[in-house]
Structures are given as structure tokens and as C-alpha cells.
Amino acid sequence: MQECRRRESSQRRYCAPMPASIRAEPAPAAVRLDPALVVVLGGVCAALHLSKLPPAVTALQQALGLTLVQAGFLLSLVQFAGMCVGLAFGALVDVLGLKRSMLAGLGVLTLAGAAGGAARDVPMLMLLRALEGLGFLLTVLPGPALIRRLVGAGRVSRVLGLWGAYVPAGAALSLLVGPLVISALGWRLWWWALAALSGAMALWLARAVPALSAAPGGSAQGADALGWAARLARTLGAPGPWLVGVTFAMYSGQWLAVVGFLPAIYTEAGIGAAATGVLTAVVAAMNISGNVGAGRLLQRGRSAPRLLAIGFGTMALCALAAFVGTPAGPLLPALLRYAAVLLYSAAGGLIPATLFYLAVRLAPGEAMLGSTVGWVQQWSSFGQFGGPPLVAAVATYAGGWQYTWVATGACALVGLVLTAALAARLRRLPRAHPGPA
């Protein structure tokens with residue numbers, strides 16, 4: 001090390017060597033992850049709580065006497081929270097602050113998860129599951145706006161593509177790791193491990209993500225002047241958040257219905273539990289590739305409505321190939337049907353990443369980013385809450401899964417109609433609209 005001083009007259013630096021007794025070797029530069037990627041990992045951590053229940057259902061039935069009806073409520077409670085308060089929590093995020101909201105959400109997930117691991121009865125577990133749903137919302141709603149603030153305009157669409165994969169990434173990890181942890185250590189250790197992970201994630205995010213002002217571009221004062229009710233009114237009064245939200249519901253409902261019922265379908269086909277978990281996890285993981293691909297394509301200037309159309313159209317065709325048949329059995333061989341499901345999930349991944357991009361672009365203002373994403377999340381929860389029962393009702397009426405493609409195809413058709421409306425909306429945007437890319 002050297003002791004450096006600056007000459008006032010010439011403004012040139014000169015350095016005098018320090019005594020050898022106090023010299024030190026230069027410390028290696030710390031390797032730090034991009035703060036925007038830390039935000040993405042925070043979303044994946046929250047999604048692990050969202051999807052930690054399915055691998056534990058059997059263990060909970062044995063330990064707490066959980067019934068199938070109660071298991072259904074535990075699965076839907078997180079989505080129920082999103083259905084009821086997604087928009088309101090989005091506006092709360094705008095007021096509370098992006099980073100503070102994410103830290104608060106991870107804190108709620110940590111505390112509720114730790115308490116859930118000690119629950120002694122199903123009602124207590126349900127109450128804590130509802131709290132986890134609120135923590136999930138506080139964690140993920142600020143994600144897109146926080147990413148936009150942390151990265152340059154040229155990278156926003158690409159990083160939002162990664163953000164769009166947080167749910168399938170969490171689902172795939174839960175399906176792969178959850179059964180191993182539960183079989184070796186029990187469901188309580190699974191709950192506590194994820195609670196500890198959330199706590200560690202909160203500490204990491206607090207250190208890695210810089211504090212941000214209320215709004216960029218010197219508009220903080222104007223943003224703060226908007227009250228909670230005004231943010232909600234402006235969000236609901238703009239057509240963009242509605243179009244993006246309902247389109248998200250058409251995607252999320254059919255994707256969760258197909259992926260959620262795959263274990264039951266494979267079990268009925270005589271496939272073992274371990275193989276079923278792996279097969280379903282691979283399908284969920286394929287969705288990640290679509291999200292990442294959409295981010296890269298948007299960064300290269302590809303049309304967002306075209307990506308949506310490709311996603312919905314491919315999902316409709318692949319669902320037809322995977323499920324069409326008769327009560328006696330499907331028409332295509334098992335390998336081709338599984339390949340169709342993989343493509344169904346991968347092509348579907350084009351949709352959430354593109355819609356997060358459009359949610360940021362079509363928000364009615366910088367101060368309404370959180371409420372816009374909250375409204376989109378609320379519609380996503382509507383889709384995830386209603387899609388599986390719709391597919392189940394069709395399967396029950398038909399006496400099998402052979403008409404699943406009708407329900408998913410109807411969602412895809414509505415999605416294509418909404419895509420056309422989004423394209424028309426984008427054409428009407430002024431050229432100076434402050435989009436992310």
C-alpha cells in the first residue's frame with residue numbers, strides 16, 4: 001500500500017512509500033452478483049414457499065391427519081391471497097418502497113415458515129399458509145419495478161425474462177429437492193430449511209441491492225404526492241393493466257392445470273412416485289427456457305405480441321397432441337405425448353416474461369408500477385385458482401383426460417384475442433413513451 005497525497009498547485013498525485021512494517025498485500029476484489037440477479041433469486045426463494053406443499057402432502061396426511069379437501073385449501077390459500085389483495089398490496093409496495101417491501105416479504109416468509117414447521121394441527125398450518133401468501137406477494141410484487149431501476153434500458157427485457165421464470169424455477173426445485181428432504185428429515189425440517197433460506201436471502205438482498213429513491217428522473221416528489229387511492233384509481237382506469245392481467249390469467253390457469261395434474265395422470269398410468277416427480281419437475285423446468293428465451297428475443301427487438309401469439313398457439317396445439325384420445329386411451333404414444341407436454345411448457349414460458357415486460361411498459365405511470373404488477377398478479381392468481389378446477393370438471397364429465405385440450409384451447413383462444421388487443425394498444429403508444437427497452 002502507499003500513502004498518497006495531492007499537490008494543491010498542480011492537482012497531480014505523488015505517493016510516498018509506506019514503511020515496510022505496515023505494508024499489506026492488496027485484498028482480492030470481492031466477487032458480487034449483479035443486484036438485479038439477487039432480486040430474481042429472491043423471487044425464486046419466495047416461489048419455493050409457494051410450491052413447497054405438493055411434495056409434503058403425503059407426509060402431512062400421516063403426521064397431522066390432513067384430508068384431501070384440506071390439502072386443496074392449503075394449495076389454494078396462497079393464490080386466494082393474491083386474488084383478494086394483489087392490487088392493494090401492489091399500491092402498498094409503491095408507498096412502502098421496492099426494496100423495503102421485498103425485505104418485509106422475505107421476513108414474513110421466514111417467520112411464518114419457521115412457525116409452520118412447529119404447527120401441531122391443520123388449522124394453525126392453514127393460518128400460517130395464509131400469512132405466507134401475504135409474504136409471497138410482498139416479495140414478488142416489487143420485482144419487475146426493482147429490476148427496471150437496477151439495470152440499464154438495454155438489459156431490462158432480458159432480466160425480466162429471468163424474472164418471469166421464478167415460479168417454474170421454484171416449482172422444479174421443490175419437486176426435485178422436497179421429496180429427498182422430506183423422506184430423509186421429515187416435513188418439519190423441509191419447512192424450517194426454507195424458512196432459513198428466506199432469512200439468508202433477506203440478509204443477502206439487504207446488502208447486495210442498493211437503496212433507491214422513490215422514483216427515477218427527479219419525479220419522486222410527484223410520485224409521493226399520489227395517495228394510495230389515487231394510485232389504485234389510475235391503475236384501474238388504464239386499459240393496459242387490464243389487458244395484461246386478463247391475458248396472464250389465460251396463461252397461468254391452463255399451465256398450472258396441466259402441470260399440476262401431471263402427477264395424477266402419470267400415477268394413473270402406473271408410473272412410480274419417484275419417476276413421476278422427476279418427469280413433472282422437468283416439465284416445469286422447461287418453462288424456464290421459454291422465459292429466458294423471451295427476454296433475449298425482446299432485447300433483440302422482437303415483437304411482444306408475436307411472442308404471445310407463438311406461445312398461445314403452440315400451447316393449444318401441444319395440448320391437443322398430448323391429450324386427444326378416447327375414454328379407452330390417448331391416440332399418440334407416450335413418448336410423443338411427453339414431448340408435446342415439454343414443448344407446451346417451454347412455449348408457454350414465452351408468455352409470462354413478455355407480459356411482465358408489457359406490464360412495466362403499459363403501466364399508467366412510474367408511480368403505478370407496483371400497483372400495475374399487483375393487478376397482473378391478482379389476475380394470475382384468478383387463473384391459477386380457476387384453471388385446475390375447470391380442467392378437473394372437464395375430465396370428470398368426460399371420464400378421462402382426453403378433452404383437456406378443449407379447456408386449455410379455449411384459454412389459448414381468448415389469449416390470442418387479447419394479444420390482438422394488446423398489439424393495437426401498443427401501436428397507439430406515443431413514441432416517447434418511457435418503455436423499458
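In this predicted model, helix 2 (residues 57-64) and helix 9 (residues 187-208) pack with their axes 9 Å apart and at an angle of about 120°. Because angles of 65 to 115 degrees count as roughly perpendicular and those over 145 as roughly antiparallel, helix 2 and helix 9 are therefore oblique to each other.

**Helix 2 against helix 9**

- On the side of helix 2 the contact is made by Ala59, Leu60, Ala63 and Leu64, while helix 9 brings Trp187, Arg188 and Trp191 to it.
- Sorted by class, this contact of helix 2 with helix 9 holds six nonpolar residues and one charged residue, with no polar residues.

**Helix 15 against helix 16**

- The axes of helix 15 (334-348) and helix 16 (residues 350-362) come within 4 Å and cross at roughly 10°.
- Since angles under 35 degrees count as roughly parallel, helix 15 and helix 16 are therefore roughly parallel to each other.
- Their contact is made by Ala346, Ala347 and Gly348 of helix 15 together with Leu350, Ile351 and Pro352 of helix 16.
- By class, the contact of helix 15 with helix 16 comprises five nonpolar residues and one polar residue, and no charged residues.

**Aromatic pairs**

- With ring centres required to lie within 6.5 Å, the count comes to 11 aromatic pairs.
- One of them joins phenylalanine 248 and tyrosine 251, whose rings lie 6.1 Å apart, centre to centre, with 65° between the planes, an arrangement classed as edge-to-face.
- Phenylalanine 248 and tyrosine 251 are separated by about one helical turn, because they stand three residues apart in helix 12.

**The second largest pocket**

- About 470 Å³ of space lies in the second largest pocket, and its lining consists of 23 residues.
- Nearest the centre of the second largest pocket lie Ile265, Ala322, Pro330, Arg337 and Trp401.
- Several elements each supply at least two residues of this lining, namely helix 12 (239-268), helix 14 (304-323), strand 3 (325-326), strand 4 (329-330) and helix 15 (334-348).
- In terms of class, the lining residues of the second largest pocket divide into 15 nonpolar, six polar and two charged.

Methods. Residues are numbered from 1 along each chain as its sequence is written. This is a predicted model: local features need pLDDT of at least 70, side-chain atom pairs count only at pLDDT 80 or more; totals for chains, interfaces and linings use all residues. Side-chain values use heavy atoms; hydrogens and water are left out. On a 1 Å grid over the protein atoms alone, a cavity is a set of points where a 1.4 Å probe fits but cannot get out, and a pocket is an open set with protein on both sides within 12 Å along at least five of seven lines; lining residues have an atom within 4 Å of a point. Grid points are joined across faces, edges and corners, and a volume is the space filled by probe spheres set on the points. Ala, Val, Leu, Ile, Met, Phe, Trp, Tyr, Cys and Pro count as nonpolar, Asp, Glu, Lys and Arg as charged, and the others, Gly among them, as polar. Axes are lines fitted to C-alpha atoms, for helices over the stretch in contact, and angles run from 0 to 180 degrees between N-to-C directions. Contact means heavy atoms within 4.5 Å. Rings of Phe, Tyr and Trp (its six-membered ring) pair if their centres lie within 6.5 Å; planes under 30 degrees apart count as stacked, over 60 as edge-to-face and the rest as tilted.
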